[in-house]
2 protein chains.
Amino acid sequence: MNHFEVLCRDPGGPARRGRIKTAHGDIETPCFMPVGTRATVKGLTPKQLEEEIGAQVVLANTYHLFLRPGHELIEKLGGVHRFMGWSGPVLTDSGGFQVFSLSSLRKISEDGVTFQSPIDGLRHHLTPELSIAVQEALGADIIMAFDECTPYPADRKQVRESLELTARWAARSKAARQRSDNLLFGIVQGGVYPEMRSLSLEKTVALDFDGYALGGLSVGEGPAAMHEVVSEFAPRLPEDRPRYLMGVGTPEDLLAAVASGIDMFDCVMPTRNARNGMYFTSRGPLSIKQARFREDPEPIDGACNCYTCRNFSRAYLRHLFRSGEILSSVLATLHNLYFYHRLMAGMGRAIEAGRLAGFKDDFLRSYQAGEL
Amino acid sequence: MNHFEVLCRDPGGPARRGRIKTAHGDIETPCFMPVGTRATVKGLTPKQLEEEIGAQVVLANTYHLFLRPGHELIEKLGGVHRFMGWSGPVLTDSGGFQVFSLSSLRKISEDGVTFQSPIDGLRHHLTPELSIAVQEALGADIIMAFDECTPYPADRKQVRESLELTARWAARSKAARQRSDNLLFGIVQGGVYPEMRSLSLEKTVALDFDGYALGGLSVGEGPAAMHEVVSEFAPRLPEDRPRYLMGVGTPEDLLAAVASGIDMFDCVMPTRNARNGMYFTSRGPLSIKQARFREDPEPIDGACNCYTCRNFSRAYLRHLFRSGEILSSVLATLHNLYFYHRLMAGMGRAIEAGRLAGFKDDFLRSYQAGEL
């Protein structure tokens, strides 16, 4: 039985509406995965994630959980699902991206990456084999091959060396797999150079993974270059496997990428921005700090049916933010994740109705019209 | 119709099980009021307060809301209930305690207190009339007379001057009342001197309030002195009015005070300690920081049925606390408030069953037996 089913296709392009089967339940695509870095989506209980957001799958970070509390501990306690009280699917990244972006004193060799923990200064050595072992100990439903996230900017030679290392690590990741109850995804690198993306795609697809991710994007290349890579290479990933665009992005990015045939996304934007008082709305982003909301009795977004919009005024939410109250983060996170999930569900229905282009135009006309 | 009904009395002492009728619903006593300083019980949504805790009434702080966002704003937005999305009863304190404990440059005169806002340095003048106006603008169901919280230690002369000022302010508070849909409580001061407490009680009761509070306790006098005052003076407050012990306390304090005839409590302890990783359990307080909980798969308290205990291990809660995750505060607050509410409900049922003393002994035997 295939773990991925394309349920229907957009007549006007490569977009599709699908379903991924995992050991902890199905994921309807296109889908957005809230980021639960340290085995918690910051500020929300699993109950809120399920009941208020309708989250289908949560991403947890291998790098963070490896360093604290450690994958052996989580395995001993029954795996990451039981550990965090989340019974739905979990995807873990490989740790590669965080090693490159968050740790210091890192040294890359053919074998893997040596780095220093920012928590206690201890040195660690992460390899494809260890990354897979950690992810399998955590017990994630979808795990990622260990890759080098190519820095940006980088010249062709650097990009090529990096993608070739990533390809060798991908083969080692696949060989290291021990469990049969998860899905292993390969990651296509190659920076912004089409011939390098092509080469990485070929090498990765040749290894036959359960799904494929486009990695190394949203790292400084800008939205235009990113959209170019996605629109050219998402459709070239195997039709019968889920396609995942890592670490992206804004609502505009999600619309463009789904239209290009991407199925899965993760991004800290809705959750991190929430903690900074930024709300996504049907009329674009809104910063609750502004003085003009001081006495505003309206909800954040009159078109939104989330818990926050059903119950609280902008004036109250501004008060909470200015007072540094925990509930500010909680209510903004609830709203932003609801917004992202509604957007994904809307795209799914639009694909089913054969009108994704119309949905996208309608959404953007409102979203880019300016603040409510 | 009386706003307070004693439903039954403990045969062995002054404890009682009662019901307070307010404009936003009934409060079953004995009851604990979670502290919602800035119109939010830190970290919890009103839905969690209602569904997970069973909170009946929330306390909000006049001082904090007066300074930010301002009572006029909250009034304009429909009052504190609508502002914070809480449809049950709300009690506001008078602001007196916070003016004395939190603000600087304060100057007390017969008229009131001048103080400086710690937020913006502006000077404010709070009087009994203004305190009542602020509380009525907020629209609380139970409001408190403006009092001077007598400092501790203080000699008899200081205590006497202070309680007499409080009595004059109590009369002015009562005269200042404009609304008829709230209950106004008077506050008995008098420090730890029995004759001063007596004098304050007489003067306060003579003004005929809807309920009475014992104030100026838990300010440094120690539990023994506090229990002495409560056990002597709670029973001397009018039988047919609710009795409120302000700012108290530990589970032991609540048991002793209910046995002395107190009906209502508020305290930051369950919520503040939660944010510091301290959990109340049936075997006493537990600090989740401890290394011995590193791999502990058990819930905080096997005897507890709260959301946190039903879903998470000590190992996970320790991980959240050590990682500085918001969810640590949320889950600990859920647990501690559930613990306090279950304790109050247990005392209420014990009074109905005529076995409060037995309940208290059973609880304390376990609670003081040492950590789980």
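**The hairpin and the pair of chains**

Modeller: Let's start here: A:Ser104 stands opposite A:Gln116 in strand 8 of chain A. This is a predicted model, so local features need pLDDT of at least 70 and side-chain atom pairs pLDDT 80 or more, while totals for chains, interfaces and linings use all residues. Residues are numbered from 1 along each chain as its sequence is written, with chains lettered from A and ligands numbered from 1 in the order in which they are written.

Biologist: What makes strand 7 and strand 8 of chain A a pair?

Modeller: Pairing takes at least two DSSP bridges between two strands. Strand 7 of chain A has 3 to strand 8 (residues 113–116) and they run antiparallel, so they pair. They form a hairpin with 4 residues between them.

Biologist: Why is strand 7 of chain A called hardly covered?

Modeller: A buried residue has 20 or more other C-beta atoms within 10 Å of its own (exposed: 12 or fewer; partly exposed: in between), with C-beta atoms placed from the backbone. Among the 5 residues of strand 7 (residues 104–108) of chain A, the count that are buried is 0.

Biologist: How do you know that chains A and B are related by a two-fold axis?

Modeller: Superposing C-alpha atoms by least squares, using residues with pLDDT of at least 70 in both copies, a rotation of 180 degrees with 0.0 Å of shift along its axis puts chain B on chain A (RMSD 0.0 Å). That is the relation of a two-fold axis. In chain B, the C-alpha nearest the axis belongs to B:Ile326, 3.6 Å away.

Key. Helix = DSSP H or I, 4+ residues; strand = E, 2+ residues; numbered from the N terminus.
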